[in-house]
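Please open the model in your viewer and keep the sequence beside it, as this tour goes from one selection to the next and says what is found at each stop.

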Amino acid sequence: MKLVDKIKNFKLLSDEPKQRKKQIAVIIIAGIAIVAMIICYCLFGKKLLAFFEDTDKFKKWLDGFGTTGKIIFVAIRALQTVVKFIPAEPLEIGSGYAYGTFGGLFYCMLGTFLGSLVIIALTKVFGVKVVNIFVSQEQINSLRFLQNKAKLSTTLFIIYLIPGTPKDIITYLIGVTDFSMVKFMLITSFARIPSIITSTICGSALEKKSYALSIAVFVGTAILGLIGIMIYNKLEAKYNKQLDESKAAGNNQEKTKNDGNKKAAE
């Protein structure tokens, strides 16, 4: 069964009593988590965002914890990867400001890696139920290229390489496919490096008062992001067209076969 069909056709609750109880528990926990996130966002969202965008204040806050500050940063980054409560860009710039270009890259990558593992674990344990909590049906329908298994590795590398693409949405969806998770983590981890390091370079330049370099990197990243979005849209349209053509060809073959069977029966 195709990924989109699997998500569309799943039953919210199983007919088996034991499985049904487990599913109800998952729904309750997920509901509480969502409500908690909404309340936190309404109460603290703007304050948190302003705090993370103030790189000097953010660095001093982390430094106040000593070595533990690095663990706290990795945990925040992992949480951001899972729930998207905090925008990624301010965290990446803040990490470059606090830990330098390569230190910031390392801690961002580690947090993202751990967050991605949590997403994959959730989707593997609870299946498509988790996907629909975080990803809308419209977003699922727009990612039909995940069905093209022959080119999926290359497609994933390109998408995670260029800025502006829905990386974390894909992480949720890949967990309910049979694609190798080890392969997925290796491909996407390497592909994320250029996108993250441009932000940490920007943060490091800000800390050193190299404002010209920081502005240049920021503008360059924004331009690359716009180009990346255009490339992604073209790739998405191309793969969707190929899938439609393949599906139409399959339907025509089936129709021809049925017509031949009818004639043979006559």
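On a 1 Å grid over the protein atoms alone, a cavity is a set of points where a 1.4 Å probe fits but cannot get out, and its lining residues have an atom within 4 Å of a point. Grid points are joined across faces, edges and corners, and a volume is the space filled by probe spheres set on the points. This is a predicted model, in which local features need pLDDT of at least 70 and side-chain atom pairs count only at pLDDT 80 or more, while totals for chains, interfaces and linings use all residues. Residues are numbered from 1 along each chain as its sequence is written, and side-chain values use heavy atoms, with hydrogens and water left out.

**The whole chain.** Show the chain as a cartoon, where you will find eleven helices and zero strands; helices (H or I, at least four residues) and strands (E, at least two) are DSSP runs, numbered from the N terminus. Of the 266 residues, 40% count as buried, a term for under 20% relative accessible area with a 1.4 Å probe and protein chains only.

**The cavity.** The structure holds one cavity of 30 Å³ or more, and the largest cavity has a volume of about 60 Å³. Select Met-109, Thr-112, Phe-113, Ser-116, Met-185, Thr-188, Ser-189 and Arg-192, which line this cavity. Helix H5 (88-126) and helix H10 (181-207) each supply at least two residues of the lining.

**Helices H9 and H10.** The contact (heavy atoms within 4.5 Å) is made by Lys-167, Asp-168, Thr-171 and Ile-174 of H9 with Met-181, Phe-184 and Arg-192 of H10. Colour H9 by burial, and eight of its eight residues are buried.

**Gly-69.** Leaving aside neighbours within four places in sequence, Gly-69 is in contact with Leu-62 and Tyr-99. Finally, select Lys-59, which is ten residues from Gly-69 in sequence and 9.4 Å away in space, C-alpha to C-alpha.

Conventions
1 Å grid on protein atoms, 1.4 Å probe; cavity = no way out; pocket = protein on both sides within 12 Å on 5 of 7 lines; lining within 4 Å. Buried < 20%, exposed > 50% of the residue type's maximum accessible area, 1.4 Å probe, protein only.
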